[in-house]
Amino acid sequence: MDRLTYSFQTFPFGKGLIITRGEEIYFIGFEGKLTSEALLQEAKTRFSQYELIEGAITPFLLEQIVQKSTQLSLRLVGTPFQQKVWGALLALESGKLYSYKEVAKLAGYPKAIRAVATAIGQNPISFVIPCHRVITSSGEIGGYHWGIEVKERILAYEGVLVSSEF
């Protein structure tokens with residue numbers, strides 16, 4: 001059985017779990033709605049075909065993640081549809097918010113807004129693939145797999161004001 005390494009790391013906006021193989025990133029998720037244990041269990045379920053072993057990532061890789069380096073190697077495990085949606089998310093400009101409808105158009109599926117929203121919610125590499133930049137067409141924050149508070153902290157970190165608290 002192939003192995004992946006997991007490591008809990010502290011980001012400027014909270015604690016997260018990173019799963020890698022060497023310098024290739026498979027998963028980034030955050031504590032918020034989930035405890036560390038529940039987050040790790042979700043990752044184990046998602047990557048059940050792999051053995052997950054605890055290890056360390058290099059400080060350089062963590063810095064590249066936080067800075068969203070274009071040199072990051074991402075291993076996107078998903079359907080072709082999901083991958084196309086995640087690719088559209090990667091094209092979103094930092095510092096701006098987008099509606100699900102806008103992302104659906106960018107992904108090439110302008111009439112599949114609900115399916116696109118579902119794929120956004122299944123993004124395996126949160127923060128780097130900026131699903132947090134997607135809000136409802138009415139301008140509300142909307143949902144976030146890791147919790148609204150985490151989404152707001154990430155958006156504040158990126159300099160997007162989302163409420164009077166920031």
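Visitor: Leaving aside neighbours within four places in sequence, which residues is Ser36 in contact with?
Guide: In this predicted model, and with the neighbours within four places in sequence set aside, Ser36 is in contact with Phe8, Lys15 and Glu31.

Visitor: And is Ser36 buried or exposed?
Guide: Ser36 has a relative accessible area of 16%, and because buried means under 20%, Ser36 counts as buried. Ser36 lies in helix H1, which covers residues 36-46.

Visitor: Which residues of H1 are buried?
Guide: The buried residues in H1 are Ser36, Leu39, Leu40 and Ala43. They cover an arc of only 95° around the axis, so they sit on the same side of H1.

Visitor: What do the buried residues of H1 pack against?
Guide: They pack against four strands, namely E1 (3-11), E2 (14-21), E3 (24-30) and E4 (51-54).

Visitor: Then what does the face of H1 turned away from its buried side carry?
Guide: That face carries Glu37 and Thr45, both of which are exposed.

Visitor: How far is Ile53 from Ser94?
Guide: The C-alpha atoms of Ile53 and Ser94 are separated by 33 Å, and the two residues are 41 apart along the chain.

Visitor: Let me zoom out. How many helices and strands are there in the protein chain?
Guide: The protein chain has 6 helices and 7 strands, and read from the N terminus on, these elements run β-β-β-α-β-α-β-α-β-α-α-β-α.

Visitor: Why would you say the radius of gyration agrees with a compact globule?
Guide: For 166 residues a compact globule would have a radius of gyration near 15 Å, and the protein chain has 15 Å, so the two agree. Along its principal axes, the C-alpha trace spans about 45 × 35 × 30 Å.

Visitor: How much of the chain counts as buried, and what is the accessible surface?
Guide: Of the 166 residues, 43% count as buried, while the accessible surface of the protein chain comes to about 8,500 Å², with 51% of that belonging to carbon and sulfur atoms.

Visitor: What about contacts between residues at least 6 apart in sequence?
Guide: Among those contacts in the protein chain, 60% join residues that are at least 24 apart.

Visitor: And the charges, how many positive and negative side chains are there?
Guide: There are 17 positive and 16 negative side chains in the protein chain, and the centres of the two sets lie 9 Å apart.

Visitor: Back to the helices. Which residues of H2 are buried?
Guide: In H2, which covers residues 59-66, the buried residues are Leu61, Leu62, Gln64, Ile65 and Val66. Their cover includes E1, E2 and E3 as well as helix H6.

Visitor: What follows H2?
Guide: H2 is followed by Lys68, whose phi is positive, near 50°. Lys68 is found in the loop between H2 and strand E5 (73-74), and at 21% relative accessibility it counts as partly exposed. As a general point, most residues other than glycine have a negative phi.

Visitor: What is the phi of Phe127, and where is its place?
Guide: Phi of Phe127 is near 75°, again a positive value in a residue other than glycine. The place of Phe127 is in the loop between H5 and E7, and Phe127 is buried, with a relative accessible area of 1%.

Visitor: Since you mention H5, which of its residues are buried?
Guide: In H5 (residues 113-121), the buried residues are Val116, Ala119 and Ile120. Seen down the helix axis, the buried residues of H5 fall within an arc of 105°, so they line one face of the helix.

Visitor: What covers them?
Guide: The cover of the buried residues of H5 includes helix H3 (80-90), helix H4 (100-107) and strand E7 (134-135).

Visitor: Last one: where is Glu140 found, and is it buried or exposed?
Guide: Glu140 is found in the loop between E7 and helix H6 (148-157), and with a relative accessible area of 53%, Glu140 is exposed. Glu140 and Ala112 are 28 residues apart in sequence, and C-alpha to C-alpha they are 20 Å apart in space.

Terms used:
Residues are numbered from 1 along each chain as its sequence is written. This is a predicted model: local features need pLDDT of at least 70, side-chain atom pairs count only at pLDDT 80 or more; totals for chains, interfaces and linings use all residues. Side-chain values use heavy atoms; hydrogens and water are left out. Helices (H or I, at least four residues) and strands (E, at least two) are DSSP runs, numbered from the N terminus. The radius of gyration is taken over C-alpha atoms; the globule rule is 2.2 Å times the number of residues to the power 0.38. Buried means under 20% relative accessible area, exposed over 50%, partly exposed in between (1.4 Å probe, protein chains only). Contact means heavy atoms within 4.5 Å. Accessible areas come from the Shrake-Rupley method with a 1.4 Å probe; for residues, only the protein chains shown count as cover. Lys and Arg count as positive and Asp and Glu as negative; His and the chain ends are not counted. The place of a charge is taken as NZ of Lys, CZ of Arg, CG of Asp or CD of Glu. The arc is that of the directions from the helix axis to the C-beta atoms.
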